[in-house]
Amino acid sequence: MALIELRDINKTYNNGQPLHVLKGINLDIERGEFVSIMGASGSGKSTLLNILGILDNYDTGTYHLAGKLIKDLTESKAADYRNRMIGFIFQSFNLIGFKTAVENVELPLFYQGVPRRERHAKAMEYLEKLGLTQWATHFPNEMSGGQRQRVAIARALITKPEIILADEPTGALDSKTSVEVMQLLKQLNKEEGITIIVVTHESGVANETDKIIHIKDGIIGNIEENTTHSAWDGSVMK
Amino acid sequence: MRIDRDTFREILDSLLRNRSRSLLTGFGVFWGVFMLMLLSGGGNGFREILEKNFEGFAHNTCIVFPTETTKPYKGFQKGRYWSLNLTDIDRLRNLVPELETISPLMSLWGKSVTNGDKLITATVKGVRPDYSNIETPKLVYGRYINQMDLQDTKKVCVIGKKVYKTLFPEGGDPCGNMVVMDGVYYQVVGVDYNEGNMNVNGRADEAVTIPQTTMSRTYNFGNEIQLLCFTAKEGIQMADILPKVRGVIARGHYVHPDDEQAMFMINTQVLFGIIDNLFKGINFLVWLIGLGTLLAGAIGVSNIMMVSVKERTTEIGIRRAIGATPNQILWQIIAESIVLTLVAGMMGIVASVLVLGAVELGMTEDGILKATFQVSFGVALLAALLLSVLGSLAGLAPSLRAMAIKPVDAMRDE
């Protein structure tokens, strides 16, 4: 069984006019894959990401994550799964502004009930891995965008999740930093074997991944194998 | 929810992030508790000061004395003067069993009392030992008039505070010394420090109290007495038995039983009842105002927490996304509310205790406290408990709103 198994996922938003966003998504993602989900805005890729991240419910179909059926979970169960199985990386970093870098990284472990000392040591370890040791006691607004995103990555990694979901991870970064962040994700995938799913609308970003899943109007278009990273010629990276 | 250093830090972090707002919100609660404590302490002190005036005076006493008759009766014309006598005591004791103490009192004013070259003008009162049930003496030296004094018509006296201070300025125990009044030597057997402002026939501190028999004989009262004091037995309302008392006395003196003006009766139970009600009213107002202010403060906390939750939608969304359960969010907001309310309230309690302490310091004379203004520890504890309850109630609505925040909403908020 694949790590992620989506079978005929349908999702309709009922805000006044019913909006059928996902129209029967079937998708398998294996452990250790580095894939991107590409699509224009309104294609349903964010909705798909929310469902993958157990942030939103779907109407029909089944979603198995690491063999567990993710459907109609209670809020606390969903929170627990999110905490243990999924690491999030957001476009706008979503660090908590009044907490230092190390405190932000510690936060998922705080909700797991890990003792303070152990939590701190672990957070420092991950910050070191991402080259942020000297920034540990700084607040997010004292750091550059790239540094903030690396703190966010550390926070995503600290619970050793099954998958990392990155929602436009380079959307708020300049091109040089974007490349660095993508290199980092690639490295994490290669060296640690972490499954990473990147949602993006940028071909340049998608090209860094090994597999590109195109989504259009709520259905999956073609799935492009991209092991050579030649899906895009690289002429206009941003 | 785990209660440890981390949880507490989370709470402090979010409260201190908006220092001035937390401060201003807390002030509402602070002021509420401060006012409540101050008013209730002040009310108590005021009550004690007032009650000091009635100290040592039985609350269910009635005093009766004769005046001119206003109705003709049994051949007697109206406008007749009559007087009570010692037989009335026996009659009342036999016919009105509801009465506890029945004690006569007679007084003469403006008597010169001397001890060597010291002189004071005092009131002389003739009493029986059971008069102490009506006006409780506060004896600092010696004893009160007793049955032996009464039976043997002894020339002994209990002197009031002022009399003692004037006649014995050097202080010390004056018992055994002689004082002279109208050429008669009386041996001092006690000193009465009762300073209550409620006395019969003159202030207790200016009185020289002697046995009733001695008084009757020395000043030729014979069988007559000036007034009668009596108390009702436990659980009996004085007002209920007064007509019976009136009837018994009237019959003995050929006074018309319905002639209310011929017999002057003062019922202290009514008086004390009025004062009691007054303080009940004051107490009610104190709690109404205090609790009202406190409640307004708590509503302020609730409001601000609501705003704070609204502001922190994203933050709460992030917390939810990375694994906080709704319960953890709920408790965090409620705990923030409780901590804010409790800290502000505790400061209010401390401030009011300090102010009341200062008031007490100002009211202390010669190291003796005139009245207790300070709130008791129990009341303070109750206030703290009340604050916790209020705090959690104030945090309830905002925390429910925070709990309803979905991580997706938070992300969409960008």
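User: What does chain B average in pLDDT?
Analyst: This is a predicted model, and chain B averages a pLDDT of 86. In chain B, 96% of the residues score at least 70.

User: And which ipTM and pTM does the model score?
Analyst: The model scores ipTM 0.87 and pTM 0.70.

User: Turning to the contact of the chains, how many residues come from chain B and from chain A?
Analyst: Chain B gives 19 residues to the contact, and chain A gives 21 residues.

User: Which elements give two or more residues to the side of chain B that touches chain A?
Analyst: Those elements are helix 1 (5–17), helix 9 (313–321), helix 10 (326–363) and helix 12 (407–412) of chain B.

User: How do the residues of that side of chain B divide by class?
Analyst: The side of chain B that touches chain A has eight charged, seven nonpolar and four polar residues.

User: Let us look inside chain B. At what angle do helix 2 and helix 11 of chain B pack?
Analyst: Helix 2 (residues 19–53) and helix 11 (residues 377–403) of chain B pack at an angle of about 155 degrees, and their axes are 12 Å apart. The two helices of chain B are therefore roughly antiparallel to each other. Helix 2 of chain B passes helix 11 of chain B in a right-handed crossing.

User: Which residues make that contact between helix 2 and helix 11 of chain B?
Analyst: From helix 2 of chain B come B:Val33, B:Leu36, B:Met37 and B:Ser40, while helix 11 of chain B contributes B:Val379, B:Ala383 and B:Leu387. By class, this contact of helix 2 with helix 11 of chain B has six nonpolar residues, one polar residue and no charged residues.

User: What about helix 8 and helix 11 of chain B: at what angle do they pack?
Analyst: Helix 8 (residues 268–311) of chain B packs with helix 11 of chain B at an angle of about 20 degrees, with the axes 8 Å apart. That makes helix 8 of chain B roughly parallel to helix 11 of chain B. The crossing of helix 8 of chain B with helix 11 of chain B is right-handed.

User: Which residues make the contact there?
Analyst: Helix 8 of chain B supplies B:Leu294, B:Ala298, B:Val301, B:Ser302, B:Met305, B:Met306 and B:Val309. Among the residues of helix 11 of chain B in this contact are B:Leu390, B:Leu393, B:Gly395, B:Pro398 and B:Arg401. The contact of helix 8 with helix 11 of chain B divides into twelve nonpolar, two polar and one charged.

User: Now the sheets of chain A. In what order do the four strands form an open sheet?
Analyst: The four strands of chain A stand in the order 2-1-4-5, and the pairing is antiparallel. Strand 2 (17–29) and strand 5 (68–69) of chain A are at the edges with a single partner strand each, so one side of each is left without a neighbour in the sheet.

User: How many bridges join strand 4 to strand 5 of chain A?
Analyst: Two bridges join strand 4 (residues 60–65) to strand 5 of chain A, and these strands run antiparallel. A:His64 has A:Leu69 in strand 5 of chain A as its bridge partner.

User: And in what order do the six strands of chain A form a sheet?
Analyst: The six strands form an open sheet in the order 6-7-8-3-9-10 in chain A, with mixed pairing. Its edge strands are strand 6 (86–89) and strand 10 (219–225) of chain A, each pairing on one side only. The twist averages 20 degrees from one strand to the next.

User: In which sense do strand 6 and strand 7 of chain A pair?
Analyst: Strand 6 of chain A pairs with strand 7 (residues 163–167) of chain A in the parallel sense, over four bridges. A:Gly87 stands opposite A:Ile164 in strand 7 of chain A.

Technical notes:
Residues numbered from 1 in each chain as written. Chains lettered and ligands numbered in written order. Predicted model: local features only at pLDDT ≥ 70, side-chain atom pairs only at ≥ 80, totals over all residues. Axes fitted to C-alpha atoms, helices over the stretch in contact; angles between N-to-C directions. Parallel < 35°, antiparallel > 145°, perpendicular 65-115°, else oblique. Left-handed = near helix turned anticlockwise from the far one by under 90°. Contact = placed C-beta atoms within 7 Å. Nonpolar A, V, L, I, M, F, W, Y, C, P; charged D, E, K, R; others polar. Pairing = 2+ DSSP bridges. pLDDT = per-residue confidence, 0-100.
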